[in-house]
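Subject: Handover of a structure and the findings on it

Dear colleague,

Please find below the structure that I am handing over to you.

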Amino acid sequence: MSALYQVLYCSRNRMSGGSKLVSDNIETILAISRQNNARDQVPGGLIFSDGCFAQVLEGPMDAVVAAFERIQCDERHSEVIVLRSGPIQARSFADWSMAFTGSSDTTLSSQLPISAVSEDGDAVLALLKSVVVRETEWLRRRVN
Amino acid sequence: MTVSLLQPTQDTHGRPRRPAAIMHLRSALNGLHLGLFTFDDALCVQFMNEQLRIVLDLSDDAAGAGSDLQTFIESSPILASTAVQQVLAACHDAVLTRRLKLLEISSNEKGIFYFSIRIEPLPDQTFLATIVDMTAQRVAEARAVEEAMCDPLTGLPNRTLFEDRVVAALDRNASEGVDGPAVMVIDLDRFKNVNDTLGHLTGDGLLRLVSKRLQGMMRQTDIIARFGGDEFAALISPAPDLQSVSLLASRIVDVLSRPYLVDGHLVNIGASVGVAVTPLRGSTYAILLRSADLALYDAKSRGRGTSSLFQPTMDVRAAARRQNENDLRKALALREFSLHFQPQIDLQRNVIVGFEALLRWHHPERGLISPMEFIPLAEEIGLIVPLGEWVLSQACLAASCWPSDISIAVNVSPCQFGDTDRLIDAVAEALAAADMPGSRLELEITESVLLQDADRVLDALHRLRAMGVRVAMDDFGTGYSSLSQLHSFPFDKIKIDRSFVKDRADDRGQDAVIRAIAALGGSLGMATIAEGVETPEQLARIREGGCKIVQGYLFSRPIPVEEVDLMIARHNSKKNTDN
């Protein structure tokens, strides 16, 4: 297994339309990302809140770069800021692929770097980790 | 059977042919790697070998020996009708002239095929045609040519192939009325920085990522090319409406400016894009590319990181700029420059203590041209270095004739500090040629000089200082970091920018600035001089502010060298008689 690499970035949503439309779009993004990332062995967390994305990608460097390039060419966001990039010892997000929270979640949106200029990678990373639980809850809420 | 008609009863010497020899010949012909058939002068096929079926993709029940030539050739499913006509015409021609015919045909009816055909008259009124399948060879050749026209690093088409494709798109526009193409030239901003700091391998990796991002934004019919270095080009053909083309250009700037991960490094670069669309029929590749280049120049001059669509005014501006550039280059050779000198007055003693040398350009047609107009251009095209050296030598020569207590101030462009050794040599030469001590020369520099490569510049300033040359900071108070720069080098003089001297409604603020600068200069042991002094009121304010030396129209406009002696004599002796 080659060395593990991690990238954490924030970006700004460029999708327009009502919150329902944006939410549907994000579901599509999540579905495709889950597939791609599982195939490429690049699990990672994505949160969307209040107009901003934050995502972490982890895996072999080539795979992370390939996934990152794919994301960079996506028109649905802009102003991408990399908060952290470099080698890691172990995966923090090994068992799950994507998390999502809608913009209605005010507790989360208040914690996200709204302007996407935050240099505080640790905070975003901690936030992403905390969302793991939220994702399962969110899925359960949608199923019920 | 195939060979049933190839049964001549006699050999060429009139002897009866032996069946075994015929069998051998038949096997040999069938085993050949080229297709062959014979026909008579009535264009009737006599014989064909097995290989021909393969070469022309003939079915087993297709017309063969005994059929007429046309039916036979037409039965090949891979030959287009034009190719069939070419073969028939050649056979017909061979029958009429009884001469050897060679031709190469291509056909793209069912895939692409190339055949080399040879038709040779035989002594017995028959004709032998051989067909060699050249397809693999020609395709390989074409691929080799294509590969030679690709950039090995990114696999993108190079400049030559790009030109071919643009020309083809323009042709389709002219002949078929297809919408004309748009051409974009794309330059990466700060790429050199990546190469310099992270190495060429990382730079190469970055270029590969850039080319992939670019390709990802194109449609199937568009082409991305790499011209070399960090220069790319895009052919958008057929071009959609202008708004969509502009949107695409902005998108290229956006996507290329997003961060990259290369070899574990996080890399940020920018991009500038110049766009030209086909305005009218009759546009050429050269015109399109030049227009796109002008638009790129415009995008870069507007601060980079943006895209610009070609406008005809850019052409006019570029032409004017080129004209200016040519004129400027000539001017130095034709001695169209001259120096004027503006006196600097010591307020306490009321004597002229020095002159500032100011460059003038007398254009043969346009008259006097302001330095504000030509200095930036001279800096851009590098002419400022020889021009600056000329100013230094002329100013020192002029000053060498003046009283020894009068100094000469010369402006030095930041560009001249690009090669500090050359600058120091030029100063030394100017002083030596004028036989003048360095202490009489004062170099005026702006703070931007100290912003380029501070260590190298400071080293040069100290070396100049060691030659006795004095250094003044020009335009003080206009830059971002004037104050911090004052600590970096012990300047001899601070020249307060003229904007603080001009009358303004809130001149109390300006007075405070002048007072502060004069006090600062005093405490740091630096003289302060105010320029642009035009009225007695301004002079009173400056005097009150504590500034010791002044320069401006109130005392004298800049004067030609011939008038300097008289001015010194009048002013300084008047002062003497005043005493």
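In what follows, two residues are said to be in contact when heavy atoms of theirs lie within 4.5 Å. Please bear in mind that this is a predicted model.

By that criterion, and not counting residues up to four places away in sequence, Arg172(B) touches Gly177(B), Val178(B) and Ser237(B). Arg172(B) belongs to helix α6 of chain B, which covers residues 159–176. Along the chain, Arg172(B) and Ser237(B) are 65 residues apart, while 10.0 Å separates their C-alpha atoms. The relative accessible area of Arg172(B) is 34%, so this residue is classed as partly exposed.

Chain B as a whole

Chain B has 579 residues, of which 47% count as buried. Its secondary structure consists of 20 helices and 22 strands. If one takes the contacts in chain B between residues at least 6 apart in sequence, 61% of them join residues at least 24 apart.

The interface of chain A and chain B

Between them, chain A and chain B bury about 1200 Å², with 56% of this area on carbon and sulfur atoms. On the side of chain A, the greatest losses of area to chain B fall to Glu69(A), Gln72(A) and Cys73(A), which together account for 36% of what that side buries. The contact involves 17 residues of chain A and 13 residues of chain B.

Polar contact across this interface is found for 8 residue pairs. On the chain A side, the elements that give two or more residues are β1 (4–13), α2 (61–72) and β4 (77–88). Of the elements on this side, α2(A) gives the most, namely 6 residues. Sorted by class, the side of chain A that touches chain B comprises 9 nonpolar, 4 polar and 4 charged residues.

Salt bridges

Side chains of opposite charge can pair when their charged atoms come close. Over all chains the count is 35 salt bridges, and 3 salt bridges cross the interface of chain A and chain B. One salt bridge pairs Arg14(A) with Asp254(B), with 3.1 Å between the closest N and O atoms. Arg14(A) is in the loop between β1 and α1 (19–39) of chain A and Asp254(B) is in helix α9 (residues 242–256) of chain B, so this pair joins two chains. Arg14(A) is partly exposed at 39% relative accessibility, whereas Asp254(B), at 19%, is buried. Arg251(B) likewise forms a salt bridge with Glu75(A), where the closest N and O atoms are 3.6 Å apart.

Within chain B, Asp346(B) and Arg349(B) form a salt bridge with 3.6 Å between the closest N and O atoms. Asp346(B) is buried at 13% relative accessibility, while Arg349(B) is partly exposed at 47%. A network of salt bridges links Glu356(B), Glu444(B), Lys495(B), Arg498(B) and Glu531(B).

In soluble globular proteins, nonpolar side chains tend to be buried together. Here the largest nonpolar core contains 76 residues, and those with the most contacts inside it are Phe337(B), Trp402(B), Ile408(B), Leu441(B) and Leu461(B). Helix α13 of chain B (residues 384–399) gives the most to this core, with 10 residues. Neighbours within four places in sequence aside, Leu461(B) is in contact with Phe417(B), Ile445(B), Leu450(B), Val471(B) and Phe489(B). Another core, of 56 residues, lies apart from the largest one and has Leu46(A), Phe53(A), Val65(A) and Val273(B) among its members.

With kind regards

Note on methods
Residues are numbered from 1 along each chain as its sequence is written. Chains are lettered from A and ligands numbered from 1 in the order in which they are written. This is a predicted model: local features need pLDDT of at least 70, side-chain atom pairs count only at pLDDT 80 or more; totals for chains, interfaces and linings use all residues. Side-chain values use heavy atoms; hydrogens and water are left out. Buried area is the accessible area (1.4 Å probe) that two parts lose on being put together, summed over both. A salt bridge is a side-chain nitrogen of Lys or Arg within 4 Å of a carboxyl oxygen of Asp or Glu. A polar contact is a pair of N or O atoms within 3.5 Å; within protein, one must be able to donate a hydrogen and the other to accept it, and residues adjacent in sequence count only if both atoms are side-chain atoms. Helices (H or I, at least four residues) and strands (E, at least two) are DSSP runs, numbered from the N terminus. Ala, Val, Leu, Ile, Met, Phe, Trp, Tyr, Cys and Pro count as nonpolar, Asp, Glu, Lys and Arg as charged, and the others, Gly among them, as polar. A nonpolar core is a set of buried Ala, Val, Leu, Ile, Met, Phe, Trp, Tyr and Cys residues joined through side-chain atoms within 4.5 Å. Buried means under 20% relative accessible area, exposed over 50%, partly exposed in between (1.4 Å probe, protein chains only).
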